[in-house]
Amino acid sequence: MNWVARGLRLLAGGIFLVAGGLKVVDPAHFAADIDHFRLLPYFAVGPLALYLPWLEIICGLAVLAGPARRSALVVLFALTLIFIVAIASAWMRGLDIRCGCFGAASTAPLAYDLVFDLVLCVVLAWLLRVDGRPGSPPSHNV
Amino acid sequence: MARVGMHPSGTDVCRKVALLLVLALVPALVTAWLHPKRPALGWARPAVTELALADALGLAPPVIWVDARPDDEYGAGHVPGAVSLNEDRWDALLPKFLEAWQPGMRVVVYCNSQRCDASREVAVRLRHELQIDNVFVLQGGWNAWLEAQKK
């Protein structure tokens with residue numbers, strides 16, 4: 001189980017590191033992608049486009065490196081839930097937009113991103129579970 | 001701090017969550033300050049003028065049509081004479097647009113339908129970054145064009 005957890009941590013941390021990195025390259029592009037969802041007031045779009053990629057990068061690094069891993073998993077799990085709600089809402093409204101999850105590299109239809117995020121959410125939930133409950137002895141190296 | 005050999009307590013986790021949230025602010029602020037592609041910050045979405053297809057076709061020449069859809073969709077079919085300019089490959093496509101564009105031209109930008117925003121984004125960038133006036137967005141986009149061809 002230990003190597004599975006390690007592998008999945010590497011995968012989840014790596015995904016957020018790459019996703020954040022691709023968006024940091026062009027925050028203006030990412031801001032447009034967020035705006036297309038029509039979920040946030042315009043004044044919140046720019047600041048979120050500046051902040052969110054760095055939060056993904058820092059939490060991705062924390063999941064990979066170890067310090068604050070559980071906290072980073074909590075943040076990434078919450079973020080992924082928010083992404084799922086946003087993508088599902090855009091999909092249900094029939095918006096002709098792309099997710100923007102991987103910056104300019106996002107070209108897949110929204111339904112694919114929804115499935116991807118649902119799988120990622122399950123992986124993060126499982127990692128949170130194997131990392132143990134607060135205060136309990138760890139079942140493996142953290 | 002977490003005790004050695006034990007998982008962090010709920011309070012530790014919460015404190016570190018707050019720390020991660022604050023930590024991300026630092027590079028975000030630097031990005032807002034220094035990044036050459038930082039987003040525009042403002043209270044209101046920049047306004048663009050939308051035109052129905054009949055009004056767009058009735059614009060006094062010279063008019064240039066801009067296809068803001070992805071490359072593959074442009075390749076599959078576009079308004080005759082339209083130049084491709086989308087946000088995904090903005091830097092690569094812009095020179096071709098500038099070759100075709102002449103000062104004084106009216107620019108009509110379109111994407112797929114009423115439910116896409118790519119044309120709006122391209123129109124805003126043309127107006128703000130290139131200081132081009134007379135930029136319009138086609139209501140209904142490519143779908144409206146196709147519908148009109150059927151009639």
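Predicted model: local features only at pLDDT ≥ 70, side-chain atom pairs only at ≥ 80, totals over all residues.

Chains A and B touch each other, with 39 residues of chain A and 38 residues of chain B taking part.

**Confidence by chain**

- Chain A has a mean pLDDT of 87, and 90% of its residues reach 70 or more.
- One stretch of chain A to treat with care is residues 135-142, where the pLDDT is below 50. In the model, this stretch still has 15 contacts beyond near neighbours in sequence.
- For chain B, the mean pLDDT is 88, and 95% of the residues reach 70 or more.

**Domains of chain B**

- Chain B splits into domain 1, covering 1-37, and domain 2, covering 49-150.
- Going by C-alpha atoms, the centres of domain 1 and domain 2 of chain B are 43 Å apart.

**Where chain B touches chain A**

- On chain B's side of the contact with chain A, the elements giving two or more residues are helix H1 (10-23) and helix H2 (25-34) of chain B.
- H1(B) supplies the largest share of that side, with eight residues.
- Sorted by class, the residues on chain B's side come out as 20 nonpolar, nine polar and nine charged.

**A helix pair across the two chains**

- Helix H3 of chain A, residues 42-65, packs with H2(B) at an angle of about 140°, and their axes are 8 Å apart.
- H3(A) is therefore oblique to H2(B).
- From H3(A), the contact uses A:Leu50, A:Tyr51 and A:Trp54, while H2(B) brings B:Leu25, B:Pro27, B:Ala28, B:Thr31 and B:Ala32.
- That contact between H3(A) and H2(B) has seven nonpolar residues, one polar and no charged ones.

**A helix pair inside chain A**

- Helix H1 of chain A (residues 2-25) and helix H5 of chain A (residues 110-130) pack at about 130°, with 10 Å between their axes.
- H1(A) and H5(A) are therefore oblique to each other.
- The crossing of H1(A) and H5(A) is left-handed.
- On the H1(A) side you'll find A:Ala5, A:Leu8, A:Arg9, A:Ala12 and A:Ile15, which meet A:Leu120, A:Val123, A:Leu124, A:Leu127 and A:Val130 of H5(A).
- By class, the contact of H1(A) with H5(A) has nine nonpolar residues, one charged and no polar ones.

Key
Residues numbered from 1 in each chain as written. Chains lettered and ligands numbered in written order. Domains from an automatic or database assignment. pLDDT = per-residue confidence, 0-100. Contact = placed C-beta atoms within 7 Å. Helix = DSSP H or I, 4+ residues; strand = E, 2+ residues; numbered from the N terminus. Nonpolar A, V, L, I, M, F, W, Y, C, P; charged D, E, K, R; others polar. Axes fitted to C-alpha atoms, helices over the stretch in contact; angles between N-to-C directions. Parallel < 35°, antiparallel > 145°, perpendicular 65-115°, else oblique. Left-handed = near helix turned anticlockwise from the far one by under 90°.
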